[in-house]
Amino acid sequence: MKDETSGDGAIDGDVPATFWRRAQRNAQFSFKLYASASRLALGQSRWIAASGVLGAMSLGLVGLGVASLVAPYDGVATAALTADHAPRVVAWDTKAAPAAVVVAKRTEPRVIEEVATLQPTDDLPETAADDLATASLADPGLFAPQTEESLAAEAALLPAEPREPRAVETTVALASGETLMEVLQNAGVDRIDAYHAVAAMTSYYSPRKLRAGQEISLAFMEMPDGMTGEEGETPAKYLTSISLEPDIERAIEVTRNDDGSFGGKETIREFTEGFVRASGTISNSLFLDAEQAGIPPQIIIEMIRMYSYSVDFQREIQPGDKFEVYFSRKFDDLQRPVKEGDVLHASLTVGGKTHKLWRFDPGDGVWDYFDESGQSMKKFLMKTPIDGARLSSGYGLRRHPILGYSKMHAGVDFAAPTGTPIYAAGDGTVTRANRFGSFGNYVSIRHANGYETAYAHLNGFARGIKAGTRVRQGQVIAYVGTTGRSTGPHLHYEVHVNGKKMNPLALKVPTGRKLEGKQLAAFKELRGNIATQMAEAPLATKVATATASAKGGTSSAN
């Protein structure tokens with residue numbers, strides 16, 4: 001009999017017990033047959049010879065039995081696995097085509113010592129073939145070469161690495177009509193967290209003051225999928241801080257405390273204050289020529305408002321008129337301008353007449369612009385309640401552009417682009433802010449002493465403007481439009497005195513306060529100080545190259 005462990009095709013281990021029982025039965029049967037036959041056929045004298053013949057026959061039968069047992073395993077080799085839970089014996093036919101492996105499914109990574117092509121044989125017992133089919137479906141490709149896909153599949157069976165929350169920062173912008181609470185919830189902040197964060201901010205800055213376009217920085221601890229804390233009390237996006245800059249000088253920050261509550265703080269930035277002087281001659285318009293002279297838009301607009309009570313910018317300004325302005329500016333550590341300040345002095349020469357104004361606080365906390373005699377530039381009503389507009393139609397009888405016949409035009413029209421701001425001509429109370437017949441969107445304001453102003457064809461109303469609202473002179477109340485009976489965007493402006501419609505451009509209205517006594521003396525001192533400072537300040541030609549004066553103004557010029 002061959003050495004079954006020599007690697008020549010036999011399997012490891014002893015011959016099965018069934019084989020030995022069958023051989024024993026054959027041997028016993030052969031021995032009985034030998035004894036009986038020798039006694040009956042040959043007699044005592046031939047017993048030895050017959051025994052030899054029958055013995056040879058018995059050995060032949062044993063050989064046939066062994067051959068019948070090992071025939072299904074002809075050409076079978078061994079394959080050993082070294083993993084802890086690897087199958088003890090894996091058999092394959094080295095002569096057949098590749099097929100599935102006879103192996104039980106295992107749960108740990110395996111190390112294969114020998115790789116070969118596996119194939120179940122047709123001569124396996126029926127139960128073994130069933131086991132082979134089951135195993136091949138449960139663990140296909142046991143000995144296949146490792147690929148990225150197979151490695152990823154095995155990695156998926158390994159215990160997952162513990163996942164931790166990650167810090168996330170984002171910036172959102174406030175949309176028109178949107179509240180801070182809505183912004184936070186749209187960004188994924190839990191509603192309760194958003195409420196407490198907004199409440200913490202209110203102590204330092206009212207969220208109601210936020211305007212569309214305001215950028216807000218948010219910081220979260222973002223929880224992995226399926227990880228929401230014990231009993232789900234931690235939201236997927238755990239808000240940790242909110243920060244915003246309502247202006248260049250302030251920063252507001254709200255952060256989460258260790259106990260989960262929110263606290264806020266306000267940071268005030270320190271800047272250096274300097275003073276800048278600029279002047280020029282008008283060849284096109286005050287706005288364009290002042291901008292070319294190095295005056296920023298904010299300061300130009302303030303100059304227009306300063307003189308809007310006494311100068312008609314649509315009809316009185318002519319080429320050759322001159323301007324001069326002295327204003328404050330904020331500088332950073334590198335002496336770069338970061339914010340424009342206040343107009344301290346302005347001079348405007350119109351038609352050969354020079355109008356000079358100074359900013360002054362008489363001591364009651366209400367500053368104003370005053371002329372050389374100490375008379376406030378403010379009048380009871382503004383002459384033109386709109387900036388940069390063109391007078392398109394005056395007061396009086398005219399042919400109506402839509403109706404086609406002559407009709408009294410009881411106001412003045414200022415043509416301007418849609419959306420141009422319209423100001424309240426004076427302090428007063430809004431009596432109407434709605435749609436009003438052919439006037440379209442309409443606002444009327446009641447002032448003191450029987451005066452009333454009206455504004456028509458508006459595109460829309462400013463926030464908070466409605467009947468009963470108190471307004472201040474110069475406050476934005478609406479925007480230019482072309483609603484109602486209108487041929488284009490413009491403001492129709494009327495002034496009523498005790499119920500009678502008057503020409504707004506020809507009306508003589510009361511002036512503001514006049515300085516006297518100690519207030520007038522303080523004002524004259526201020527004028528002298530500003531004259532000295534202006535002489536030392538360089539003339540600005542560009543905003544970017546404007547320099548700061550080393551000396552500051554007096555405390556009353558604020």
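V254 stands opposite G264 of strand β5. The structure is a predicted model, in which local features need pLDDT of at least 70 and side-chain atom pairs count only at pLDDT 80 or more, whereas totals for chains, interfaces and linings use all residues. Residues are numbered from 1 along each chain as its sequence is written, and side-chain values use heavy atoms, with hydrogens and water left out.

The pair V254 and G264 belongs to the contact between β4 and β5, which run antiparallel and are joined by seven bridges. Strands here are DSSP runs of E with at least two residues, helices are runs of H or I with at least four, and both are numbered from the N terminus. Two strands are taken to pair if DSSP finds at least two bridges between them. β4 and β5 form a hairpin with five residues between them. In that turn, G260 has a positive phi of about 95°.

Strands β4 and β5 are part of an open sheet of five strands, in the order β1-β2-β3-β4-β5 and with antiparallel pairing. The edges are formed by β1 (166–173) and β5 (262–268); each has a single partner strand, so one side of each is left without a neighbour in the sheet. From one strand to the next the twist averages 15°, where axes are lines fitted to C-alpha atoms (for helices over the stretch in contact) and angles between N-to-C directions run from 0 to 180 degrees. Strands of a sheet pair through backbone hydrogen bonds, in either the parallel or the antiparallel sense.

Within this sheet, β2 (residues 215–222) pairs with β3 (residues 237–247) over seven bridges in the antiparallel sense. The bridge partner of F220 in β3 is L239. β3 is also joined to β4 (residues 250–256), by five bridges and again antiparallel. There L244 stands opposite I252 of β4.

Strand β15 (residues 421–423) pairs with β20 over three bridges, and Y423 stands opposite V476. Strand β18 (residues 451–461) likewise pairs with β20 over three bridges in the antiparallel sense, with F461 opposite A478.

Salt bridges were assigned where a side-chain nitrogen of Lys or Arg lies within 4 Å of a carboxyl oxygen of Asp or Glu. By this rule the count comes to twelve. In one of them, the side chains of R250 and E266 meet with an N to O distance of 2.9 Å. This pair links strand β4, which holds R250, to strand β5, which holds E266, the two residues being 16 apart. E266 counts as partly exposed at 32% relative accessibility (buried means under 20% relative accessible area, exposed over 50%, and partly exposed in between, with a 1.4 Å probe and protein chains only). R250 and E266 are also linked with D247 in a network of salt bridges.

Another salt bridge joins the side chains of K330 and E249 (3.9 Å, N to O). K330 lies in strand β7 (residues 322–331) and E249 in the loop between β3 and β4, so that distant parts of the chain, 81 residues apart, are linked. K330 is partly exposed, at a relative accessible area of 21%.

R359 forms a salt bridge with D342, with 3.9 Å between the closest N and O atoms. Because R359 is in strand β9 (residues 353–360) and D342 in strand β8 (residues 337–350), the pair ties together parts that are 17 residues apart in sequence. R359 is buried, with a relative accessible area of 7%, whereas D342 is partly exposed at 32%.

The largest pocket contains about 680 Å³ of space, the volume being the space filled by probe spheres set on points joined across faces, edges and corners. Its lining consists of 26 residues, of which Y309, D368, K378, R472 and Q473 lie nearest the centre. Helix α8 (297–307) and strand β10 (368–370) each supply at least two lining residues. The most comes from α8, with three residues. The lining divides into ten nonpolar, eight polar and eight charged residues.

Key
On a 1 Å grid over the protein atoms alone, a cavity is a set of points where a 1.4 Å probe fits but cannot get out, and a pocket is an open set with protein on both sides within 12 Å along at least five of seven lines; lining residues have an atom within 4 Å of a point. Ala, Val, Leu, Ile, Met, Phe, Trp, Tyr, Cys and Pro count as nonpolar, Asp, Glu, Lys and Arg as charged, and the others, Gly among them, as polar.
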